[in-house]
There are 2 protein chains.
Amino acid sequence: MGLFSKEIKTMEDLYLHALQDIYYAEQQILRSLDEMIEKATNRELTKAFKAHKAHTENQIDRLGQAFELLGEKPKGTSCPAIDGLLKEAKSVASDISDKALLDAALIAAAQAVEHYEITRYGTLITWSRQIGSGAVAKLLQITLKEEKAADKRLSELAQAKVNAKAAK
Amino acid sequence: MGLFSKEIKTMEDLYLHALQDIYYAEQQILRSLDEMIEKATNRELTKAFKAHKAHTENQIDRLGQAFELLGEKPKGTSCPAIDGLLKEAKSVASDISDKALLDAALIAAAQAVEHYEITRYGTLITWSRQIGSGAVAKLLQITLKEEKAADKRLSELAQAKVNAKAAK
């Protein structure tokens with residue numbers, strides 16, 4: 001037996017499981033963002049994490065709407081992937097005392113989380129269309145666009161400011 | 001204390017840790033690819049996984065060269081992120097008996113792993129340049145290009161063939 005409470009028999013089962021996986025993941029991300037906001041030193045990085053927190057709240061709302069459109073109750077399911085990603089992120093934070101270096105590490109950790117979201121939303125959008133939920137696909141497309149923009153913003157911030165300071 | 005055996009004090013420490021993280025991750029991915037090859041039914045998917053296995057072997061070699069260029073011994077470090085991603089991938093495989101549906105789930109799982117590699121190599125390339133290891137950046141750029149191509153190939157395969165069959 002794997003992690004799921006029942007066997008996945010149809011595309012709809014698989015799709016619903018993926019939705020529950022990201023619903024749980026977003027909630028864990030929301031919690032961890034508070035810690036990242038607290039740890040970040042660079043003002044623009046703090047601002048970027050705060051903006052991402054606001055986006056994450058909207059993204060959770062959007063997932064709620066997606067469940068509703070599908071006639072399902074919003075529910076999370078265990079997601080070892082996000083648990084592992086966040087565990088790694090927390091370890092970095094706890095092992096670095098230099099503030100500039102910590103900023104660089106926090107960006108890397110946040111981008112790993114972004115990429116998890118990018119891949120999961122990408123899959124969900126494709127599967128939404130496959131099972132005929134165009135409305136859900138449209139909704140999640142907004143989230144995917146936000147995730148990609150957040151990832152790009154963090155890359156720019158790292159390259160323009162944070163990494164040079166961390167390497168000093 | 002976090003996961004690292006010693007505190008990370010410099011950009012070079014952080015960078016080396018990231019290199020050790022992906023070195024461990026690639027080895028775990030290599031192992032899991034055998035299982036994915038065995039589970040996949042669609043002939044093109046099996047072919048894509050086999051190609052990715054060959055790429056992964058080259059990528060591990062490239063990481064070995066990167067360690068050498070830096071005057072370090074190739075070494076892995078614990079990586080809860082990849083452990084979580086692969087745990088989730090294995091759970092999917094064990095909970096689906098329908099072969100076409102399993103192919104769709106395997107693609108999603110493989111793409112989540114690809115995205116972890118994409119984000120880590122992206123960070124490593126930027127950090128390589130920051131610490132003045134242009135040669136390592138160049139080497140890892142080849143790998144990043146391969147990872148992005150593999151991710152794109154899986155998306156195309158899902159959309160062109162696998163998902164429609166899974167939804168039947």
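Entry 1: I began with B:Asp21, which counts as buried at 2% relative accessibility (buried is under 20% relative accessible area, exposed over 50%, partly exposed in between, with a 1.4 Å probe and protein chains only). A note before I go on: this is a predicted model, so local features need pLDDT of at least 70 and side-chain atom pairs count only at pLDDT 80 or more, while totals for chains, interfaces and linings use all residues. Residues are numbered from 1 along each chain as its sequence is written, chains are lettered from A and ligands numbered from 1 in the order in which they are written, and side-chain values use heavy atoms, with hydrogens and water left out.

**Entry 2: its partner.** Which side chain meets B:Asp21 in a salt bridge? I found B:Arg120, at 4.0 Å from N to O (a salt bridge is a side-chain nitrogen of Lys or Arg within 4 Å of a carboxyl oxygen of Asp or Glu). B:Arg120 lies in helix H4 (residues 99–130) of chain B and B:Asp21 in helix H1 (residues 11–39), so the pair ties together parts that are 99 residues apart in sequence. Helices here are DSSP runs (H or I, at least four residues), numbered from the N terminus. B:Arg120 is buried as well, with a relative accessible area of 11%.

**Entry 3: across to the other chain.** I then checked A:Arg120, which forms a salt bridge with B:Glu88, the closest N and O atoms being 3.0 Å apart. A:Asp21, A:Arg120 and B:Glu88 are linked in a network of salt bridges.

**Entry 4: the interface.** How many residues does each chain bring to the contact? I noted 45 from chain A and 45 from chain B, contact meaning heavy atoms within 4.5 Å. The two chains bury about 3800 Å² between them, 61% of it on carbon and sulfur atoms; buried area is the accessible area (1.4 Å probe) that two parts lose on being put together, summed over both. A:Glu88, A:Asp95 and A:His115 supply 17% of the area that chain A buries against chain B, more than any other three residues.

**Entry 5: the core.** I looked up the largest nonpolar core, which has 117 residues (a set of buried Ala, Val, Leu, Ile, Met, Phe, Trp, Tyr and Cys residues joined through side-chain atoms within 4.5 Å). A:Phe49, A:Ile82, A:Tyr116, B:Phe49, B:Ile82 and B:Tyr116 touch the most other members. Beyond its neighbours within four places in sequence, B:Ile82 is in contact with B:Tyr24, B:Ala25, B:Gln28, B:Ile29, B:Val113 and B:Tyr116.

**Entry 6: a pair within one helix.** A:Glu156 forms a salt bridge with A:Lys152, the closest N and O atoms being 3.6 Å apart. Both lie in helix H5 of chain A, four residues apart, about one turn of the helix. Buried or exposed? A:Lys152 is exposed, at 55% relative accessible area, and A:Glu156 is partly exposed, at 40%.

**Entry 7: one last residue.** A:Thr46 is found in helix H2 (residues 43–69) of chain A and counts as buried at 14% relative accessibility. Not counting residues up to four places away in sequence, A:Thr46 touches A:Ile37, A:Ala40 and A:Thr41.

Technical notes. Helix = DSSP H or I, 4+ residues; strand = E, 2+ residues; numbered from the N terminus.
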